[in-house]
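Work through the two exercises below with the sequence and the structure side by side. Try each task yourself before you read its solution.

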Amino acid sequence: MTQTQRTHVITGAGSGIGAAVARRLLDRGDHLVLLARNDERAAGLSAELPGAATVVADLSDPESLARSLAAQQLPAVVDSLMHVAGTVDLGPVAQLSATSWLHQLTVNLVAPAELTRLLLPQLRAGRGRVVFVNSGAGLNARPDWAAYAASKHGLKALADSLRQEEHANGVRVTSIYPGRTATPMQEKVHRQEGRAYLPHAFTTADSIATSILLALDLPPDGDVTDLTVRPGG
Ligand SMILES: NC(=O)c1ccc[n+]([C@@H]2O[C@H](COP(=O)([O-])OP(=O)(O)OC[C@H]3O[C@@H](n4cnc5c(N)ncnc54)[C@H](OP(=O)(O)O)[C@@H]3O)[C@@H](O)[C@H]2O)c1
């Protein structure tokens with residue numbers, strides 16, 4: 001690693017928005033540490049993004065994260081921690097099971113909180129930025145979106161508290177609120193909605209990556225705290 005290289009820890013780099021932002025950062029020579037849910041996914045990420053380091057950690061089991069990370073090599077200084085991984089399962093409250101509620105709240109909210117806690121020493125050392133990829137559903141909850149929207153409303157609360165708590169330590173916090181974005185997650189949403197999936201109607205993962213890079217790269221006289229990106233068509 002060279003002196004000017006910045007170090008980013010990224011979840012969800014195996015697909016969609018996370019893959020797009022990881023590719024952009026790798027192409028410009030930054031150092032990446034990618035979280036994968038298991039060894040097989042870690043091997044896949046290493047093959048897809050050569051040069052990136054991987055760490056195995058399952059976000060569906062936040063209580064295991066401290067033990068998993070303690071057993072692996074982590075950078076001493078982190079310039080950004082990007083929470084991009086996420087999961088969605090639609091359904092009316094009348095039908096959403098406790099299992100579905102727990103899974104979405106765990107992966108989308110509790111795991112980012114725990115991962116942030118575990119990496120705060122490295123983020124403080126780097127006067128780094130935590131980026132939460134939230135959702136329009138983190139600001140407005142619509143029918144059939146209760147569990148996912150609740151997890152993302154919670155993620156907004158986490159970001160807002162963290163921003164104020166860590167300001168004096170030099171850590172900055174950004175929430176990005178994408179609208180519908182053409183990724184495998186959006187394809188799943190369309191299947192659950194029973195609608196035809198037309199990816200060209202939506203923002204590309206690369207455009208969301210551009211908005212994340214804006215938050216990362218803005219000189220320190222400016223601070224992107226919250227950024228909403230809606231499909232432009
Ligand atoms: N697509 C949209 O329309 C949209 C809109 C607003 C917000 N968002 C948000 O944007 C973020 C990225 O979504 P996307 O559309 O790019 O989704 P995606 O293509 O489905 O990618 C989701 C990523 O999350 C990872 N992940 C899920 N569960 C995990 C777990 N238990 N442990 C570790 N990793 C896990 C997946 O890992 P694997 O590769 O191992 O499966 C995958 O890399 C999410 O937070 C989502 O809520 C998406």
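This is a predicted model: local features need pLDDT of at least 70, side-chain atom pairs count only at pLDDT 80 or more; totals for chains, interfaces and linings use all residues.

Residues are numbered from 1 along each chain as its sequence is written, and side-chain values use heavy atoms, with hydrogens and water left out.

**Exercise 1.** Determine how the axes of helix H1 and helix H7 are oriented towards each other.

*Solution.* Begin with the axes, which are lines fitted to C-alpha atoms over the stretch in contact, with angles running from 0 to 180 degrees between N-to-C directions. Helix H1 (residues 16–27) packs against helix H7 (residues 205–217) at an angle of about 55°, and their axes are 8 Å apart. H1 is therefore oblique to H7, since angles under 35 degrees count as roughly parallel, over 145 as roughly antiparallel, 65 to 115 as roughly perpendicular and the rest as oblique. Next, find the residues in contact (heavy atoms within 4.5 Å): among them are Ile17 and Val21 in H1, and Ile208 and Leu213 in H7.

**Exercise 2.** Find which residues are closest to the ligand, and examine the contact of Ser15.

*Solution.* Of the 27 residues that surround the ligand, the closest are Ser15, Arg41, Tyr148, Thr183 and Gln186. For Ser15, an N or O atom of the side chain is 2.5 Å from an oxygen atom of the ligand. For comparison, a polar side-chain atom of Lys152 lies 2.9 Å from a ligand oxygen atom, and a backbone N or O atom of Gly86 lies 3.3 Å from a ligand oxygen atom.

Technical notes. A residue is near a molecule or strand if one of its heavy atoms lies within 4 Å of it. A polar contact is a pair of N or O atoms within 3.5 Å; within protein, one must be able to donate a hydrogen and the other to accept it, and residues adjacent in sequence count only if both atoms are side-chain atoms. Helices (H or I, at least four residues) and strands (E, at least two) are DSSP runs, numbered from the N terminus.
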